[in-house]
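The briefing is arranged by topic, with each cut-off stated where its term comes in.

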Amino acid sequence: MPLARELVALRTDVETGVELESLPGVRPDHERLVELLRRFGFSTWLKQYQEEGADSQGSDAGELEVETVTTRSQLDALVEAVWAADLVAFDTETTSLEPLDAELVGLAFAIECGKAWYIPLCHVDQNTEFDRDEVVESLRPWLEDPARAKLGQNLKYDLNVLERAGIRLAGVVHDTMLASYVFHSTATRHDMGSLAVRYLGRQTTSYEQVAGKGRVQLRFDQIPVADAAEYAGEDAEVTLALHRHLWPKIQADGRLQAVYEELEIPLIPVLARMERIGVALDCERLAVQSREIEGQLSELQARAHEEAGREFNLGSPMQLQAILFEELKLPVVRKTPKGQPSTAEDVLQELAADYELPRTILKHRSLAKLKSTYTDRLPEKVHQRTGRVHTHYHQAVTATGRLSSTDPNLQNIPIRTTEGRRIRKAFVAPAGAVLLAADYSQIELRIMAHLSDDERLLEAFAAGEDIHRATAAEVFDCALDAVSSEQRRAAKAINFGLMYGMSGWGLARQLEIDRKSADAYIQRYFERYPGVQTYMESIRKTAREQGYVETLFGRRLRTDEIRSRNPARRQAAERAAINAPMQGTAADIIKRAMIAVDGWIQAENAPARLVMQVHDELVLEVKEGALASVREAVETCMRDAAELKVPLLVEAGSGPDWDSAH
DNA sequence: TAAGTCACG
DNA sequence: ACGTACGTGACTTAT
């Protein structure tokens with residue numbers, strides 16, 4: 001059969017013949033289809049196909065009736081209806097995607113499919129019997145009642161918008177974005193439009209279709225009520241339809257249901273609070289550092305131009321590549337994926353041994369990075385009203401269950417260099433408070449010990465040994481106190497490498513040793529820790545056989561490419577599969593800890609607030625007088641977040657700034 | 001918008 | 001023979 005024909009046939013077959021719960025990775029036809037899509041460059045199709053897990057049964061949208069609430073009697077009827085309902089989908093319409101700046105413009109509700117309500121609150125063309133406050137007060141008892149169940153799409157946003165409007169939303173029991181994420185974390189998007197297409201086969205109206213785009217885009221309050229009602233009503237109704245589609249899939253697996261109900265949903269108000277509170281920044285300090293870096297950068301630039309023999313843009317890898325490898329004829333150490341000679345850090349590091357220019361470039365690069373991403377940019381992110389920095393934590397982005405942080409990203413603030421650490425000094429506690437930073441020590445290795453059940457590894461953690469030193473003693477066959485710092489460094493690289501599914505080649509590169517020695521280290525490691533080797537093999541097998549791997553708590557990560565005939569893709573999928581249970585379990589554990597810490601703070605009304613999460617670390621702002629008790633409680637919450645076969649060790653420190661708290 | 005680079009766990 | 005350590009987000013340059 002010609003390839004194009006085969007492609008069409010396969011796609012038709014896959015679309016019509018696949019059961020909802022089946023996983024693409026285990027279907028023999030799936031892989032062929034993916035390969036063909038890729039070969040023909042159908043990237044959009046390919047992405048959509050891989051995401052949907054071949055789960056679309058066509059559209060059955062039916063008619064949607066949206067009632068615009070403009071009279072008091074309509075409002076009364078709606079209030080009565082929401083009180084009577086078991087579960088209500090609702091959605092807020094606002095003037096901004098940034099909840100801190102968003103003003104409430106309207107509210108949409110759906111109780112049954114096919115019908116929705118929209119209450120305009122402050123549209124320009126609004127003509128209602130009531131004003132905004134009247135609506136808020138009539139709905140407040142229901143919105144704030146934890147016993148009245150609410151459903152939404154990304155309710156963290158609505159929670160913060162309503163908080164700003166003086167409403168403390170309670171009773172959040174379902175979120176379709178999180179349901180989709182728990183069901184399929186490796187799908188790239190979990191926004192409502194994508195979910196509607198993927199799961200309902202419904203194409204929803206986009207914001208741009210209603211409001212226009214670019215310079216002429218309308219704010220939501222400028223959109224005519226009639227148009228706004230259709231758009232908002234659809235959002236609420238689609239959310240309800242999505243819930244009815246996704247919830248049974250999650251309920252079908254008790255552990256998945258627990259991840260959703262006990263981790264993700266309870267985390268929503270915790271994250272909402274953290275974002276709302278933000279963190280204090282010492283902008284003056286950053287400004288001083290920026291000026292210092294500025295001076296150093298111009299010096300380095302002048303020096304680089306001199307060493308290169310001409311002027312060029314140090315920020316351009318292309319120009320640098322021309323200078324280093326064409327004009328100065330330095331040896332090409334490595335190439336980028338596109339075949340260009342790489343100028344990445346480790347490459348320049350290697351060249352720096354023999355040449356001046358790479359050294360200068362490296363210094364320049366790292367300082368330029370610090371300045372443009374941190375010392376210059378962070379102060380711009382201080383919110384004018386609160387005077388603090390408010391990141392956004394994303395709960396449905398990573399494949400493994402971790403959070404991510406954007407705008408600004410507070411999960412990649414420098415720490416590894418002295419100059420970088422100065423930036424942490426600018427994250428401060430306000431007067432009368434200190435920052436408390438508490439992190440899990442070696443949590444992923446502890447999880448590896450737990451999951452692999454390796455006797456020797458469990459013993460080492462039980463004995464409270466320095467794990468890298470213990471590994472070195474095993475691999476290099478010497479006493480603990482005879483381990484050299486070089487040996488410990490190698491052991492540390494082995495430990496990390498293992499969790500990433502590293503090969504002998506990779507370890508050799510990392511440690512700058514020959515391939516043979518690296519292979520010998522790994523072999524030696526597996527002789528000493530046979531449980532770990534068995535575990536790695538069992539993960540590969542599990543991934544291959546069931547098409548997904550799980551965390552300790554049952555979060556699933558699909559491994560669609562594990563059976564690919566392309567060895568590179570297959571191996572990449574294997575490495576991801578090996579890492580996911582460890583990274584993912586750590587993510588589950590800290591989420592449990594966050595819920596516990598926040599619960600304790602709220603219950604005790606403790607003078608402390610969670611302000612940041614950095615994967616294995618929690619940062620709190622604590623009133624000075626309460627430091628000892630808060631520290632104790634936080635450590636306990638974190639330690640007790642999971643019961644593993646090894647102890648969970650928490651290291652906590654405090655100080656006037658984030659650097660001092662470490 | 002993609003590619004390269006680099007900040008973090 | 002294949003390519004070579006997991007997971008993120010932001011910035012800069014070049015197209």
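Predicted model: local features only at pLDDT ≥ 70, side-chain atom pairs only at ≥ 80, totals over all residues.

Residues are numbered from 1 along each chain as its sequence is written, chains are lettered from A and ligands numbered from 1 in the order in which they are written, and side-chain values use heavy atoms, with hydrogens and water left out.

**Domains**

- Chain A is assigned domain 1 (3–52), domain 2 (65–252), domain 3 (283–380), domain 4 (396–443 + 587–655) and domain 5 (444–580), the bounds coming from an automatic or database domain assignment.
- The C-alpha centres of domain 2 and domain 4 are 32 Å apart, and their contact (heavy atoms within 4.5 Å) takes six residues from domain 2 and seven residues from domain 4.

**DNA strand C**

- DNA strand C is surrounded by 34 residues, of which Ser316, Ser404, Tyr500, Gln510 and Arg575 are the closest; a residue is near a strand if one of its heavy atoms lies within 4 Å of it.
- Of the atoms of DNA strand C that come within 4 Å of the protein, 66% belong to sugar and phosphate.
- Polar contacts (pairs of N or O atoms within 3.5 Å; within protein, one must be able to donate a hydrogen and the other to accept it, and residues adjacent in sequence count only if both atoms are side-chain atoms) reach the bases from Arg402, with a polar side-chain atom 3.5 Å from a base nitrogen, and from Gln571, with a polar side-chain atom 3.4 Å from a base oxygen.
- In the side chain of Gln583, an N or O atom is 3.0 Å from a sugar or linking oxygen of DNA strand C.
- Helix 25 contributes the most to this surface, with seven residues; helices (H or I, at least four residues) and strands (E, at least two) are DSSP runs numbered from the N terminus.
- By class, the surface near DNA strand C holds ten nonpolar, 19 polar and five charged residues, where Ala, Val, Leu, Ile, Met, Phe, Trp, Tyr, Cys and Pro count as nonpolar, Asp, Glu, Lys and Arg as charged, and the others, Gly among them, as polar.

**DNA strand B**

- Around DNA strand B there are 23 residues, and Thr343, Glu345, Arg365, Ile415 and Asp616 come nearest.
- Sugar or phosphate supplies 80% of the atoms of DNA strand B within 4 Å of the protein, and bases supply the rest.
- Phosphate oxygens of DNA strand B lie 2.9 Å from a polar side-chain atom of Thr336, 3.4 Å from a polar backbone atom of Ala344 and 2.8 Å from a backbone N or O atom of Arg416.
- Helix 15 gives the most to this surface, with four residues, and the surface divides into eight nonpolar, eight polar and seven charged residues.

- Six strands form an open sheet in the order 1-4-3-2-5-6 with mixed pairing, two strands being paired if DSSP finds at least two bridges between them.
- Strand 1 (65–68) and strand 6 (172–175) are the edge strands, each pairing on one side only.
- Strand 2 (residues 87–94) pairs with strand 3 (residues 104–110) in the antiparallel sense over six bridges, and Thr94 stands opposite Leu104.
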